[in-house]
Amino acid sequence: MSIRERLSGNEATATAMKQINPDVVAAFPITPSTEIPQYFSTFVDNGLVDTEFVAVESEHSAMSACIGAEAAGARAMTATSANGLSLMWEMIYIASSLRLPIVLSLVNRAVSGPLNIHNDHSDAMGVRDAGWIMLFSENNQEAYDNTLMAHRIAENKDVMLPLMVCQDGFITSHSIENIELVEDDKVKEFVGEYHPEHYLLNKKEPIAVGPLDLQSYLFEHKAAQAEAMKNAKQVILDVAKDFEKMTGRKYGLFEEYKLDDAEIAIVCMNSTAGTTKFVVDKLRNQGIKAGLLKVRVFRPFPVDEIANSLSHLKAIAILDKADSLNAAGGALFADVTSAMYVNNKNVPAVNYVYGIGGRDTKSDDIEKVYNDLLEIVKTGKVENPYRYLGLRREGDK
Amino acid sequence: MAYNLKEVVSTKPARFTSGHRMCAGCGAPPVVRHIMRALKPEDHAVVGVATGCLEVSSFIYPYTSWTDSYIHTAFECTGATISGVEAAYVSMKKQGKLPKDGETKFIAFGGDGGTYDIGLQSLSGAMERHHDMVYVCYDNGAYMNTGIQRSSATPKFADTTTSPAGTVIPGKAQERKDLTKVMVGHHLPYVAQTLAMNNFADLYQKAEKAIYTEGPCFLNVMAPCPRGWGYPTEDLMKINKLAADTCYWPLYEVVNGVYHITYKPAKKLPIEEFLRPQKRFKHMFKPGNEWMIQEFQRIVDERWDELLKLEEVTNRD
C-alpha cells in the first residue's frame, strides 16, 4: 500500500532522495531549494542514508564534486535554483559531455538581475541546450515521481546523460499538498543499483576522464551526446510504463488535458498547468472547447509528438515563464512552433511571456489567454504573436 | 630508509609517462613524475588536474600520460572535483561497494593560475572540509598556458604579457601572494613548500609525507617555465637551486602548525643571482633601475626573516 502524506515539493524531493539513498550529495544553500539539502542532511546525520554529504562552498563546487563523485563510480545528486544553476553553468556542460548521469533537483526561480527569489523558468531556460534531460513537474507528486524515475532514465546504457527535475519555486516547493509516497523497499527495487561500466575507482582499469578534445574528435563526441538525447525519449517512456505498474500513476512525454476534441489550447509547463486545468474545466462548462498540453519532457523535446498532438487545433497559445529577450518570443514557443513547422502543421500560434519574477498568474489571466485564442479563431489573424500576460503597462494601476 | 634517487627511479616505474607534450626545460613534468613516484607501488591513485599546461599536454584524446585514474573537469575546480571523488570513495568503501584490500590516494595538480587565483575558493573549500587528499600547486608564476599573463603568484617587477615592463610601469607592480601561508591558515596536518634540487630528495620526501598523512595536505612546488621566465632549457635545475640558495623560494614544511625549514643555504646568495639569468627581470639590470633589485631583495629578506621567526616560535616548548 502506498503511503498517504502531506508534503511540500521540497520535502517530497528530499524524501525521494532519501529513498534513492545516493552515494554522494553535494549541495549549497540557495532559496527556494535550500530545504532539500537541509532535510537531506538531517537524514545523513540521523543515519537514515549511507550518503556522504559534501557541504560545498559554492554551486560551482557542488556540480564539480558531483562530477568527481559520479566519475568515481558513485550515484551523485544535488539541488539548486536560479543563480546557483548559473554558477554551475560551466560544469553543467562538462557533466553532460562526460556522460555522467547526475541527478539535479532544480527548484525554478528567476535568475538575477535584479535579484528576485521568486518563481519563473529563466534558470532552466539558461541550460536548455546543455545536454541535460529536463523533466518538469506540475506539483509535489510529480516532483517526487520524476525524481524516482530519474536514475533509471539517466543511467540507461543508451542514454548516460545527467537529468534535472524541475518544479516551481515556492508555488510547488513550499506548498504543502497531499501526496502518495511509494514504500522504501519498492523504491529501492525500482531504482536499482548503479553499476557503471568504467569508473575512476576501479583500480583494475584505470581510466582518464576529461581530455583535451581537439578538431579530430570533439564533433563526433558531441554528436554522440545528441544521439544519447534522442535515445532518452524511448527510455523515458519505458521507465514511465514500469512506474505505472508500480504506482498506477501514468506519465508520458507530455500530458494532454481535454485536448482530443479541443479547438483552442494552451501549452505550458510546471504549476501553471494546474491553474490552466481549472480554467479549462470552467470553459468546458460554458461550452468552449478548451484544452491543455502540459510539457513534462522538455529535453529531449518531443518534436513530432507535440506537433501531432496540436495539429487539430484552431489556435494555440504557448506560455513561457521566461523571456528570451530576443525580440522573437520565449524558448518553449520557439520549440513548439518549430516542431509544428517541420511537421507541416499550420496552426495559428501565439506566445505569452508570463509570471516573471514570481508575478502571480491567476485563473483570470489564463481565461484571458483562451479569450484571445477565441478571437484569433474568429478573425483568423494573429496580430502580434509575441505577447505578455500580467505585465503592468504605463498608466495601469 | 634514506632516500636514494637511483633506487627510487629503478624500483618505481614512472606513473606519469613520456610522450606528453610539455616544453623542453619545463619544471613541471619532473616534479609531477617524482611526486607520483612517492606513491607506494601497490596503491592506486586518482589524479585531478586543473586546466593548464600540464592538463592540455598530458591527456590529448585519445592519448594519456597517466597510468593511474585521471580526471580533468575545468580550470577553477580541481579541489572540488577531487573532493567529490574522495567522497565517493569514502561512501562506497563504507557501503562495501569497493574491494576491501588496497588503498586509493587522491592527488590534485594545479598551476598557480588554477590555484592562487581562479581555483582558490575551490581549494580552500576542499581543505576546510577535510577531504583526505593532497593538493599540489606547480607554481611557475604566471598564466603560461595562455601566453604568460601575470597571476597573483607572479613576483614583483616580472615582465609578463599583462604586466609588461613598460616605460612608465616597470613590470608587475605588486608583490606575490604567499599561498603556502594561506594554506597554513587552514590548519592542515601537512603543508610544505619545495622544488626539485639535490636529486629531488626534498620534493620526494615531502610528497611522501603529504600523500601518506591522513587528511588534507598541500604542497607548493616552484616549477620554472623556460618560455615565461626566459632561461635556456638546460638551466632548469640551476634556476631551481638559485631560487633556494637566494631564499627566493624557501624550502620548508609545516606539520600541524609547527614550521621546519628543510633547507638553509650555507651562504645566502644575493637575489641578483636568481634574477640575472631570467629575461623576465632583464629590465631590472638597466642603469638607473638598481632600486628594483634592492626592493626585490628587501621583500625576499623580509619573508625569509619572517619564516626563521615562525620556525623559532612554533618550535618553542
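This is a predicted model: local features need pLDDT of at least 70, side-chain atom pairs count only at pLDDT 80 or more; totals for chains, interfaces and linings use all residues.
Figure 1. Of the contacts in chain B between residues at least 6 apart in sequence, 69% connect residues at least 24 apart. The chain contains twelve helices and ten strands. Its radius of gyration is 19 Å, close to the 20 Å given by the globule rule for 317 residues, so chain B is as compact as a globular protein of that length. Along the principal axes, the C-alpha atoms of chain B fill a box of roughly 70 × 55 × 40 Å. Of the 317 residues in chain B, 51% are buried.

**Figure 2. Helix α2 of chain B and its surroundings.** Helix α2(B), residues 28-37, is mostly covered, with eight of its ten residues buried. The buried positions in α2(B) are B:A28, B:P29, B:V31, B:V32, B:H34, B:I35, B:M36 and B:R37. These buried residues pack against helices and strands of chain B: the helices are α1 (5-11), α3 (53-58) and α8 (201-212), and the strands are β5 (104-111), β6 (134-139) and β8 (217-222).

**Figure 3. The contact between chain A and chain B.** Chain A contributes 40 residues to the contact, and chain B contributes 39 residues. On the side of chain A that touches chain B, at least two residues each come from β2 (24-27), β3 (52-55), α3 (59-72), α4 (82-97) and β9 (208-209) of chain A. Helix α3(A) gives the most to this side, with ten residues. By class, the residues of the side of chain A that touches chain B comprise 25 nonpolar, eight polar and seven charged.

**Figure 4. Strand pairing between the two chains.** Strand β9(A) and strand β4(B), residues 69-71, run parallel and are joined by two bridges. Within this pairing, A:V209 is placed opposite B:I71 of β4(B).

**Figure 5. The open seven-stranded sheet of chain A.** The strands of this sheet follow the order β3-β2-β4-β5-β7-β6-β13 in chain A, and their pairing is mixed. Strands β3 and β13 (297-299) of chain A form the edges, each pairing on one side only. Neighbouring strands of the sheet are turned by 20° against each other on average, direction ignored. Strand β5(A), residues 103-108, pairs with strand β7(A), residues 163-168, in the parallel sense over six bridges. In that pair, A:S105 stands opposite A:V165 of β7(A).

Figure 6. A:V24 stands opposite A:E52 of β3(A). In a regular strand, side chains alternate between the two faces of the sheet. In β3(A), the covered face carries A:E52 and A:V54, whereas the uncovered face carries A:F53 and A:A55.

**Figure 7. Helices α2 and α3 of chain A on the sheet.** Helix α2(A), residues 35-45, lies across β2, β3, β4 (76-80) and β5 of chain A, and runs at about 135° to β3(A). Helix α3(A) also packs on the sheet, where it touches β2, β3 and β4 of chain A. The direction of α3(A) makes about 165° with that of β4(A).

**Figure 8. Packing of helices α6 and α7 in chain A.** Helix α6(A), residues 140-154, and helix α7(A), residues 184-191, pack at an angle of about 25°, and their axes are 9 Å apart. Since angles under 35 degrees count as roughly parallel, α6(A) and α7(A) are therefore roughly parallel to each other. A:L148, A:H151 and A:R152 of α6(A) make the contact with A:V187, A:F190 and A:V191 of α7(A). By class, the contact of α6(A) with α7(A) has four nonpolar residues, one polar residue and one charged residue.

**Figure 9. The surroundings of A:D323.** A:D323 is located in the loop between β14 (315-320) and α11 (331-342) of chain A. With 20 other C-beta atoms within 10 Å, A:D323 is buried, because a residue counts as buried if 20 or more such atoms lie within that distance. When residues up to four places away in sequence are not counted, A:D323 touches A:G330, A:V353 and A:I356. A:D323 and A:S122 are 201 residues apart in sequence, and their C-alpha atoms are 7.3 Å apart in space.

Notes
Residues are numbered from 1 along each chain as its sequence is written. Chains are lettered from A and ligands numbered from 1 in the order in which they are written. Two residues are in contact if their C-beta atoms, placed from the backbone, lie within 7 Å. Helices (H or I, at least four residues) and strands (E, at least two) are DSSP runs, numbered from the N terminus. Ala, Val, Leu, Ile, Met, Phe, Trp, Tyr, Cys and Pro count as nonpolar, Asp, Glu, Lys and Arg as charged, and the others, Gly among them, as polar. Two strands pair if DSSP finds at least two bridges between them. The radius of gyration is taken over C-alpha atoms; the globule rule is 2.2 Å times the number of residues to the power 0.38. A residue is buried if 20 or more other C-beta atoms lie within 10 Å of its own, exposed if 12 or fewer, and partly exposed in between; C-beta atoms are placed from the backbone. Axes are lines fitted to C-alpha atoms, for helices over the stretch in contact, and angles run from 0 to 180 degrees between N-to-C directions. Angles under 35 degrees count as roughly parallel, over 145 as roughly antiparallel, 65 to 115 as roughly perpendicular and the rest as oblique.
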